[in-house]
Amino acid sequence: MLETMIRFFQEGGIFMYPIGCVLALGLAISLERFLYLLSVRRRNRVTFEKGILPLLRQGDYRRAMKAASQSDSAIGRIMAAGLGRLLANSRREEVEYAMEEGLMEVLPRLEKRTQYLATLANIATLLGLLGTIIGLISAFTAVAAADPSQKASLLSGSISVAMNTTAFGLMSAIPLLMFHALLQTRTNEIVDSFEMAGVRLLNLMSDTAAASGVPG
């Protein structure tokens, strides 16, 4: 596969270079987003499962609030928003709204630059088509002034070179779309973990209120 892409690049025209730049940019964004989401997922798991959740189960909401506030993780900010309302004796709905607001603040950071991959994939495809069209125009223009005995071979060779641009554009766009789908799935999994943590907090809050005879 790599040898084929290199051959297409060498045999293509000038449009191979912008397509190559688009591919390099897309791969850089994919790597950065993958490492970022991996870091977020790891920090969230450590912060919640080893720091906040045990304190919530003990009913020690103040220490849980302190642990969440001191954490630099995304889930720490969300839980801190909900626990702040809880310690202020707010109702369940207000605690839930506070965590939803915290999630809305965190979500743009998780989705940052991911949408660019779909755009870059479309750009790579369109650049490939544009390069092919311009290559075909140049090929037919050159054939028109060529010797009749050489027209067939010259035309077939020129068309082959022009089609390399489309092939390279598609070979660049397909992995970018796959990385976009993968990163979107990872982002949705992290958001689901946030929602699950919020549900746990609300359920523990309700259980504590029921045990003390206070309405949640």
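Author: Let's start with leucine 27, which is partly exposed because its relative accessible area is 40% (buried means under 20%, exposed over 50%, partly exposed in between, with a 1.4 Å probe and protein chains only). This is a predicted model, where local features need pLDDT of at least 70 and side-chain atom pairs pLDDT 80 or more, while totals for chains, interfaces and linings use all residues. Residues are numbered from 1 along each chain as its sequence is written, and side-chain values use heavy atoms, leaving out hydrogens and water.

You will find leucine 27 in helix α2, which covers residues 16–58 (helices are DSSP runs of H or I with at least four residues, strands are E runs of at least two, numbered from the N terminus). Together with Phe179 and Leu182, Leu27 makes a nonpolar surface patch of about 230 Å².

Now for the charged patch. Glu93, Glu96, Glu100, Asp192 and Glu195 form a negative surface patch (Asp and Glu count as negative; a charge is placed at CG of Asp or CD of Glu). Two helices, α5 (92–111) and α7 (151–212), each supply at least two of the patch residues, and α5 gives the largest share, with three. Glutamate 100 belongs to helix α5. Like leucine 27, which has a relative accessible area of 40%, glutamate 100 is partly exposed, at 41%.

For a contrast, look at threonine 165, also in helix α7. Threonine 165 counts as buried because its relative accessibility is 3%. Leaving aside residues up to four places away in sequence, threonine 165 touches Gly13, Phe15, Met16, Ile19, Leu127, Gly128, Gly131 and Thr132 (heavy atoms within 4.5 Å).

Step back to the whole chain, and you see seven helices and zero strands. Of its 216 residues, 37% count as buried. Among contacts between residues at least 6 apart in sequence, 79% join residues at least 24 apart. The accessible surface comes to about 12,300 Å², with 62% of it belonging to carbon and sulfur atoms (Shrake-Rupley method).

How values were computed: Patch = residues over 30% accessible without salt bridge, like charges linked within 9 Å, V, L, I, M, F, W, Y side chains within 5 Å. Areas by Shrake-Rupley, 256 points an atom, 1.4 Å probe, with all protein chains shown as cover. Salt bridge = Lys/Arg side-chain N within 4 Å of Asp/Glu carboxyl O.
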